[in-house]
Amino acid sequence: MNILQINASARRATDAEGSVSTRLANELTAGLRAASPAATVTVRDLNVTPQPVLDEAALGALFTPAGQRTPEQAARVALDDALIAELQAADTIVIGVPMYNFNVTAQFKNWIDAVARAGVTFKYTEQGPVGLVTGKKVYIVTSRGGIHRDQPSDQMTPYLRTVLAFLGMTDVEFVYAEGMAFAAEQGLANARAQITELLAA
């Protein structure tokens, strides 16, 4: 089994402080690896190695045929290619992403823009779009300062389900660490209980 862990917080994490979503994603990945000791783990930390924003220059590079790209354009496309290759090689994906202003972080949105490529990770057909990244198990660990789960304020969960399904990933589980701004210990305990339940399933 190949595990890809994506850390998408603006903060780094240590064992006891820093990014909550990353710390919990680390714990989930450790549990998955304990159950499958031969598993390989690739960690993509978007704080340490941020993905550039999809701007006009990046679009120009992507729409230029490979053989006609400048060295700068080729280098820019290669950054996206690396993320796509990691995604395609993974059997299980663990995403640690906090809620910022009711949705995903800018770091993770840049990752989505990098891996969503027509003809590679999805395609358009007469019947509609078809995701090409199939057969993956996805775990999303998200932390929030308030309580948003199953509330209108949680625009993040439906967005992630939609964009992942668009790419072909429909087997998605969520772990929620909520109330971190005022009840952090309880939020962590609840999230760890969810992780334990998922690992036991």
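Arginine 69 counts as partly exposed, at 23% relative accessibility. Buried means under 20% relative accessible area, exposed means over 50%, and partly exposed lies in between (1.4 Å probe, protein chains only). Arginine 69 sits in the loop between α2 and α3 (71-89). This is a predicted model: local features need pLDDT of at least 70, side-chain atom pairs count only at pLDDT 80 or more, and totals for chains, interfaces and linings use all residues. Residues are numbered from 1 along each chain as its sequence is written, and side-chain values use heavy atoms, with hydrogens and water left out.

**Arginine 69 and its contacts**

- Arginine 69 touches Ala61, Leu62, Thr64, Ala74 and Val77, not counting residues up to four places away in sequence.
- Contact means heavy atoms within 4.5 Å.
- Helices (H or I, at least four residues) and strands (E, at least two) are DSSP runs, numbered from the N terminus.

**Helix α5**

- Helix α5 spans residues 156-166, and its buried residues include Met156, Thr157, Leu160, Val163 and Leu164.
- They cover an arc of only 140° around the axis, which puts them on the same side of α5.
- The arc is that of the directions from the helix axis to the C-beta atoms.
- The cover over the buried residues of α5 includes α4 (106-115), β6 (137-143) and β7 (171-177).
- Glycine 168 follows α5, and its phi is positive, near 110°.

**Aromatic pairs**

- The structure holds four aromatic pairs.
- Phenylalanine 108 and tryptophan 111 form one that is stacked, at 5.2 Å centre to centre with 10° between the planes.
- Both of these residues, phenylalanine 108 and tryptophan 111, lie in helix α4, three residues apart, about one turn of the helix.
- An α-helix has 3.6 residues a turn, so residues three or four places apart point the same way.
- Phenylalanine 108 and tryptophan 111 are both buried.
- Phenylalanine 122 and tyrosine 124 form an edge-to-face pair, at 5.3 Å centre to centre with 85° between the planes.
- Phenylalanine 122 is buried, with a relative accessible area of 6%, whereas tyrosine 124 counts as exposed at 60%.
- Ring pairs link Phe122, Tyr124 and Phe166 into a cluster.
- Rings of Phe, Tyr and Trp (its six-membered ring) pair if their centres lie within 6.5 Å; planes under 30 degrees apart count as stacked, over 60 as edge-to-face and the rest as tilted.

**Pocket and cavity**

- The largest pocket has a volume of about 250 Å³.
- Its lining is made of Leu54, Leu59, Leu62, Phe63, Asp80, Asp113, Ala114, Ala116, Arg117 and Ala118.
- The largest cavity contains about 30 Å³ of space.
- Asn7, Ala8, Ser9, Arg11, Arg12, Ala13, Thr22, Asp45 and Asn47 line the largest cavity.
- This cavity lining has two nonpolar, four polar and three charged residues.
- Both terms come from a 1 Å grid over the protein atoms alone: a cavity is a set of points where a 1.4 Å probe fits but cannot get out, and a pocket is an open set with protein on both sides within 12 Å along at least five of seven lines; lining residues have an atom within 4 Å of a point.
- Grid points are joined across faces, edges and corners, and a volume is the space filled by probe spheres set on the points.
- Ala, Val, Leu, Ile, Met, Phe, Trp, Tyr, Cys and Pro count as nonpolar, Asp, Glu, Lys and Arg as charged, and the others, Gly among them, as polar.

**Positive phi in loops**

- Asparagine 101 has phi near 55°, a positive value in a residue other than glycine.
- Asparagine 101 lies in the loop between β3 (92-96) and α4, and counts as exposed at 74% relative accessibility.
- Aspartate 150 has phi near 65°, a positive value in a residue other than glycine.
- Aspartate 150 is in the loop between β6 and α5, and counts as exposed at 71% relative accessibility.

**Alanine 189**

- Alanine 189 belongs to helix α6 (residues 184-200).
- Alanine 189 is partly exposed, with a relative accessible area of 40%.
- Its C-alpha atom is separated by 8.2 Å from that of alanine 177, twelve residues apart along the chain.
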